[in-house]
Number of protein chains: 4
Amino acid sequence: MVYKDEQLDEEKVFKDPVHRYVHVKDRVIWDLIATPEFQRLRRIKQLGTTNLTFHGAEHSRFNHSLGVYEIVRRIIFNFRNEPHWNTKERLLCLCAALLHDLGHGPFSHSFEKVFKLDHEDFTQQIILGRTHVHTILEKVERGFSQKVADVIAKTYEDKLVVSLISSQIDADRMDYLQRDAYFTGVSYGHFDMERILRVMRPIDDQVVIKSSGMHAVEDYIMSRYQMYWQVYFHPVTRSAEVILSKILHRAKYLFEKKYRFKLEPTHFISFFNERPVLDEYLKLDEAIVFYYFQLWQEEDDPILRDLCERFMNRRLFKYVEFNPNQQMNQWMELYRLFQEAGIDPEYYLVVDSSSDLPYDFYRPGEEEERLPIHLLMPNNELRELSRQSDIVESISGKKRTDHKLYFPADIVSSMQDGKKQRILELLDNGGAKKHVN
Amino acid sequence: MVYKDEQLDEEKVFKDPVHRYVHVKDRVIWDLIATPEFQRLRRIKQLGTTNLTFHGAEHSRFNHSLGVYEIVRRIIFNFRNEPHWNTKERLLCLCAALLHDLGHGPFSHSFEKVFKLDHEDFTQQIILGRTHVHTILEKVERGFSQKVADVIAKTYEDKLVVSLISSQIDADRMDYLQRDAYFTGVSYGHFDMERILRVMRPIDDQVVIKSSGMHAVEDYIMSRYQMYWQVYFHPVTRSAEVILSKILHRAKYLFEKKYRFKLEPTHFISFFNERPVLDEYLKLDEAIVFYYFQLWQEEDDPILRDLCERFMNRRLFKYVEFNPNQQMNQWMELYRLFQEAGIDPEYYLVVDSSSDLPYDFYRPGEEEERLPIHLLMPNNELRELSRQSDIVESISGKKRTDHKLYFPADIVSSMQDGKKQRILELLDNGGAKKHVN
Amino acid sequence: MVYKDEQLDEEKVFKDPVHRYVHVKDRVIWDLIATPEFQRLRRIKQLGTTNLTFHGAEHSRFNHSLGVYEIVRRIIFNFRNEPHWNTKERLLCLCAALLHDLGHGPFSHSFEKVFKLDHEDFTQQIILGRTHVHTILEKVERGFSQKVADVIAKTYEDKLVVSLISSQIDADRMDYLQRDAYFTGVSYGHFDMERILRVMRPIDDQVVIKSSGMHAVEDYIMSRYQMYWQVYFHPVTRSAEVILSKILHRAKYLFEKKYRFKLEPTHFISFFNERPVLDEYLKLDEAIVFYYFQLWQEEDDPILRDLCERFMNRRLFKYVEFNPNQQMNQWMELYRLFQEAGIDPEYYLVVDSSSDLPYDFYRPGEEEERLPIHLLMPNNELRELSRQSDIVESISGKKRTDHKLYFPADIVSSMQDGKKQRILELLDNGGAKKHVN
Amino acid sequence: MVYKDEQLDEEKVFKDPVHRYVHVKDRVIWDLIATPEFQRLRRIKQLGTTNLTFHGAEHSRFNHSLGVYEIVRRIIFNFRNEPHWNTKERLLCLCAALLHDLGHGPFSHSFEKVFKLDHEDFTQQIILGRTHVHTILEKVERGFSQKVADVIAKTYEDKLVVSLISSQIDADRMDYLQRDAYFTGVSYGHFDMERILRVMRPIDDQVVIKSSGMHAVEDYIMSRYQMYWQVYFHPVTRSAEVILSKILHRAKYLFEKKYRFKLEPTHFISFFNERPVLDEYLKLDEAIVFYYFQLWQEEDDPILRDLCERFMNRRLFKYVEFNPNQQMNQWMELYRLFQEAGIDPEYYLVVDSSSDLPYDFYRPGEEEERLPIHLLMPNNELRELSRQSDIVESISGKKRTDHKLYFPADIVSSMQDGKKQRILELLDNGGAKKHVN
């Protein structure tokens, strides 16, 4: 039997808390899971620093990737008799689902921002480069790895295939909402996925939802909204991210200033140069990052040392609400007061902003054109979701942004009285509340 | 207000997937959680290598420690009006519950066996030594840290307090069974803890169970039995542990042989010498271990390199059932065949044994004297559980042991034909099945 | 000890699937549950005809009443140290919670509409009349039954007490949303009640929600919205209600016309006269209704017989969407066509309308003035929920109404061709879809 | 298309709390569900009087029957490629699963005992007699109803088909354990059905379990054990059954004595004569029974009146443990004392016994020969479960019996002092405890 059609003697299952079981029957999928590049995802947490807020959120990207694969597997099984569905795309969909997050590194969000990287580039490189994953994909057929890469990059010609992995209601989102809810233990994030899977229909180049399932989709969109604001953008998590980013900034800065590290940042040098090659990138998992941060607690540089110690021991920054449009004067005065106190405001007075657009229909010409969710009406018309759902209409296109100002409350407390007094006044201004979690 | 009675302005809660919320009101508890020694538990997985079998099992000992604290908090709340209960022991119980696993290191089981350590010694040292935890405990009252250490060591005079943390139905077990079931996703591990908490009664020096709750206790004991054999002793998990142990053995051996490591095992040296001091012990978390294992994949020593590569990429050993009493001849022949093939059987042909005693009543003079579970009968008599429960009686005192022989199937496959044939015959002997998961 | 303070020797518990356990310690509550008037609620389903759509929804009002009691018990326990809370109202709250639905009869919605009754009147009568419930309440203290009745009627002077049972976020709603979701098995209806209970605060004459719990309240409001449209107003359930109402109408009509029933409607006569006295009312549980409906399947009157046969065997009406403003002409033609075919349109061509207002703030002067939900902000201000929550703002005050036209598809199918054709055209008009579930 | 192969245009689903969804695609199944005989199961509770102990247990046999159908549907789907499986038996299996409990009446257990009926006879009669169900089955093919009847009667030639519905691990048991656990809310009754379904294999004339799934089966057997003793044999439920049986006995006795009922027992007469014909049997649902019991509260006969009043208002008998072998003298004295007090001991002093055999292997010649559960070992041998499982071995064949003596504590309390004293002594004898729930 040719490799692409090879089946395992017996179906393998992974026990999964979210989907009960993940089923694998294709040899190709089994082999991909066994690659070092995929196993590496076990050493990268799905939610980065969130476990410092929700202690259950210690699950890895390995965990999530299997889940996305399983959802796509179920969708395709449901599609097997649909006229618009091309069954030949089955294995391609499964591989793309499994591998879609392969290029993530540790704490991707911060690393990408500080070192100007893009994890999607690395996903492409791993799939197309000299890796075990690449070798397996090319065994399926010549050029198959490129197809997988294209699906993940959303450039693949069959947009129906793309939409399973990347749309406003795709397998990726359906998995992470449920999975992150399960591991954090929050009560948001539940929706009736089984029903959504049952009402998905492949029509031309998109997956649409039978209108009888509209309420399950509403529930999904509300779950998404709540998860963003309750979990993903939780201010304590963002505090840890702020510190993490500042550690990376500081280390880069010191490296550029030829600072003599006690522990040479060997694993980081190509990142500091903003040109990590694939091999170096793959070696940098969370364990490596933690190794450095732990040892850097004994560096001479007081800022690097302090920030690492904060990160390792969860001594986070506190925060106040901050309105960049109205509070610039306060911010400038705070900046100056921190400088006078010998506390570098670049590292210790940080504005962080989060924003989310819960759902949007297509607005041509806007920066990120989003494909809308379409309902399949009883008369076989398609209708854009927000035109049919009051709830979705009410939140459609409404971007919400939140700004916070982070600072080390402990250091402020130990400042001399006059300065401390003034700083606390400024931080307290406008009824903003200091959160001392 | 004195420190020991100090309450937080507002109760803090941790969102917990198992107990919904963990509640903290005591300043002392809040401060203990914030210590570096306790935060370190975030970097040590509760179940070591189990996540290689059950991918959800990525939760940390931090996670579990909060859970045990919460259960004890609820028990004590229920006990508040019980005549046999000394309310003055409240804070002591909470601290002991929270800190009972503080001395665990990464992959404790393997480390303890290879380096002849005992994590309980380290728990004692952390509580009594020069640590943040110690400082906080001594602020409660002089000598309080010793009390906490005594409770955990089971030497504290009030045995009722001890039994909350260490007995055949204690808060520790009730938490880990439920928690490990939740994160692995298995359907075992469920029992009606709320009911058990409701029927617990403090009588003299033990916690007994009202007989009306007997069935909930039966369910708990069956859960425990299933979790041991289905999760904790899962043969794939044990395969990873076998490899891990052999890495540690090899590194120690090489160190003793003055092998020149590319990456000096700085963090391990005191372990190799079997005398790690507290500071060194506290630094060794899982991240550090992974750092070494990752870099040792590039060592010159082929055994260390191969084993590390296997561990990092989950290329585990396969196994067959093995009966040490009947199969010694086979084992000796296999040993010789491996040697002849240049595969060191010390590292590549490993017998691993697991055994469990699901419940036992008191058998004086036996190695580990276990305190039985007592039921409080309607007539106020106490009766030992297995005398009342048919189910428990049927498994009481029945130790079950399982032996497996682990080996690298891939290496065997690549041996020359005659030898391979004979090895496979020997491994297959007696109807034993090779598991190629 | 006086009766009002009497405690049971041992706390009693009811195993409850929704709240795990319902706890009873007060003798008064225990005695109320044992009364025939309360036990009668076992014979009245919480959701009337919903079980014909969702087969799990077979739970009784007894089930729900215990749940409301338990929630109020937990709220009051949390309030025990709150300065604004009057602990003397404890027993009053518990009794009112337990008894708030005592006056419900079988299929209340239809009975009330057809016979112009109000179950709240009967709740008052049971509490204040010559009943076991009344006797027990008066043993608490003279006039206590009147207090309980006042709380349920919302006329009690302490509005804080009233708001626990009747407000836009009260114990009644929190119980039924969760309970009905549990028994139907739908995935809506989940919200974090434990969190809501934790952030409720009694302030002056209302219960407010600490703003940190806003998202849990949003989730609750969305749950409510989904439950209304997905479960309570499910068109198949309404079909059964339409038939039920028409049976009652027909029986009343026949009674007034001196029709000779084979089974005399003894239990119904006072209802037909629209003046049921309490004793008669209490006797009419669901079993009695089903008894009549079963026997009326053998009556001579073809309409009564047919409708009863439909109800008993779930041969329901089908439905199409209907817009009363635009489709009156169609309706009139249909009405005439039915008449011509000898099918009485009064019974076989029925418009049913459902509408819901998911949340509203206070609009003075409007028909049903609703008390808004207030958030307690960090600065101790109160702020109306929809001013703080985008989601709630977006659905606030938006009443949604749905109209459907019900008819017997089987009868239409058997009409002569020309008429049938025209009827089907009219029913199909405007893209409306016939639902043939 | 012929009727037997006819598929619905679109798959129908029932939302089910236990199996999430019940799926129907066959026209035959859809039509069977719509019959009056099947809809009647909505008016018969699955667990009879259990809801008087566990208030959630109000679910009907309709509910359970759909569940059994769904499990069999899933099993057959898994079997579709198995060589030993005859796909032609598919529809037969589904029909037998759906209809297996069709002959149950209200409170079957008591009715069968008192009136010497057998619900299985009625299942046969409904399937084979002049019913809607029969008509539909015969439309499938001539003689198909007989096949369905044979499967349910276990006489069908293909024993593999029989074993899906009736064996020690069949769809019936798997559904009711989970369903009854769900609705009562108890924490027993959970096992990993999805795993059991995955490891079931059809081999010759039985369904065997792959040995890798043994622990899931152990869990299932323990669940069954706990459900029997915690739920099905709960002494309070049995108290209600005792009263119910005595009502039926009394009514029959009065009927035979030509007592003049105020409400003639029309629906019961054929039962009193122990020869109910099918039509009469089908009319007797729970509503009818409740109707009589409610009205009989006003009969002149004091025993019938009192027992009905107890049953309707849940004024149950209390109980003490009773050992028939050792306590006959006490019982005889009690009997005499009751007689002297004018309390008829036939109705008011009742011994009730329950016994269960949790699992058994085949013991030829014993009264109820049970087919054992076989494991399919890796070497393709079959091995009887208790030979492989320690847990199952320990409870195998161990019949447990429980006897209780029921009596009206309220009547005893109101007896004259000397007699009361002696009765209480006798009831209290031997440390037995009076349960006053």
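How many residues lie between β1(A) and β2(A) in the hairpin that they form? There are three. This is a predicted model, in which local features need pLDDT of at least 70, side-chain atom pairs count only at pLDDT 80 or more, and totals for chains, interfaces and linings use all residues. Residues are numbered from 1 along each chain as its sequence is written, and chains are lettered from A, with ligands numbered from 1, in the order in which they are written. Helices (H or I, at least four residues) and strands (E, at least two) are DSSP runs, numbered from the N terminus.

**Strands and sheets**

- Strand β1(A) runs antiparallel to strand β2 (residues 20-26) of chain A, and six bridges join the two; strands pair if DSSP finds at least two bridges between them.
- Within this pairing, A:V13 has A:H23 of β2(A) as its bridge partner.
- Chain C holds an open sheet of four strands in the order β3-β4-β7-β8, with mixed pairing.
- The edges of that sheet are β3 (200-203) and β8 (382-384) of chain C; each has a single partner strand, so one side of each is left without a neighbour in the sheet.
- From one strand to the next, the twist averages 45 degrees (axes are lines fitted to C-alpha atoms, for helices over the stretch in contact, and angles run from 0 to 180 degrees between N-to-C directions).
- β3(C) and strand β4 (residues 206-210) of chain C run antiparallel and are joined by four bridges, and C:M200 has C:I209 in β4(C) as its bridge partner.

**Helix packing in chain A**

- Helix α7 (residues 132-140) and helix α8 (residues 144-153) of chain A have axes that come within 7 Å and cross at roughly 110 degrees.
- α7(A) contributes A:H134, A:L137, A:E138 and A:V140 to the contact, and α8(A) contributes A:F144, A:S145 and A:V148; residues are in contact if their C-beta atoms, placed from the backbone, lie within 7 Å.
- By class, the residues of this contact are four nonpolar, two polar and one charged (Ala, Val, Leu, Ile, Met, Phe, Trp, Tyr, Cys and Pro count as nonpolar, Asp, Glu, Lys and Arg as charged, and the others, Gly among them, as polar).

**Domains of chain A**

- Chain A is assigned domain 1 (3-232) and domain 2 (245-354 + 402-431), with bounds from an automatic or database domain assignment.
- The centres of the two domains, taken over C-alpha atoms, are separated by 34 Å.
- Domain 1 of chain A gives 19 residues to their contact and domain 2 of chain A gives 14 residues.
- On the domain 1 side, α5 (108-115) and α6 (119-128) of chain A each supply at least two residues, and α5(A) gives the most, with five residues.
- That side of domain 1 divides into nine nonpolar, four polar and six charged residues.

**Annotated region**

- The UniProt annotation "domain: HD", from an unreviewed entry, covers residues 61-177 of chain A; UniProt positions are given in the numbering used here, feature names are shortened, and annotations may be inferred rather than shown by experiment.
- Over residues 61-177, chain A is 68% helix and 0% strand, with its end C-alpha atoms 13 Å apart.

**Contact of chain A with chain B**

- Chain A and chain B each give 30 residues to the contact.
- Elements of chain A that give two or more residues are β1 (7-16), α2 (36-39), α3 (61-79), α10 (171-184) and α16 (286-296).
- α16(A) gives the most to this side, with five residues.
- The chain A side has twelve nonpolar, eleven polar and seven charged residues.

Terms used:
Two residues are in contact if their C-beta atoms, placed from the backbone, lie within 7 Å.
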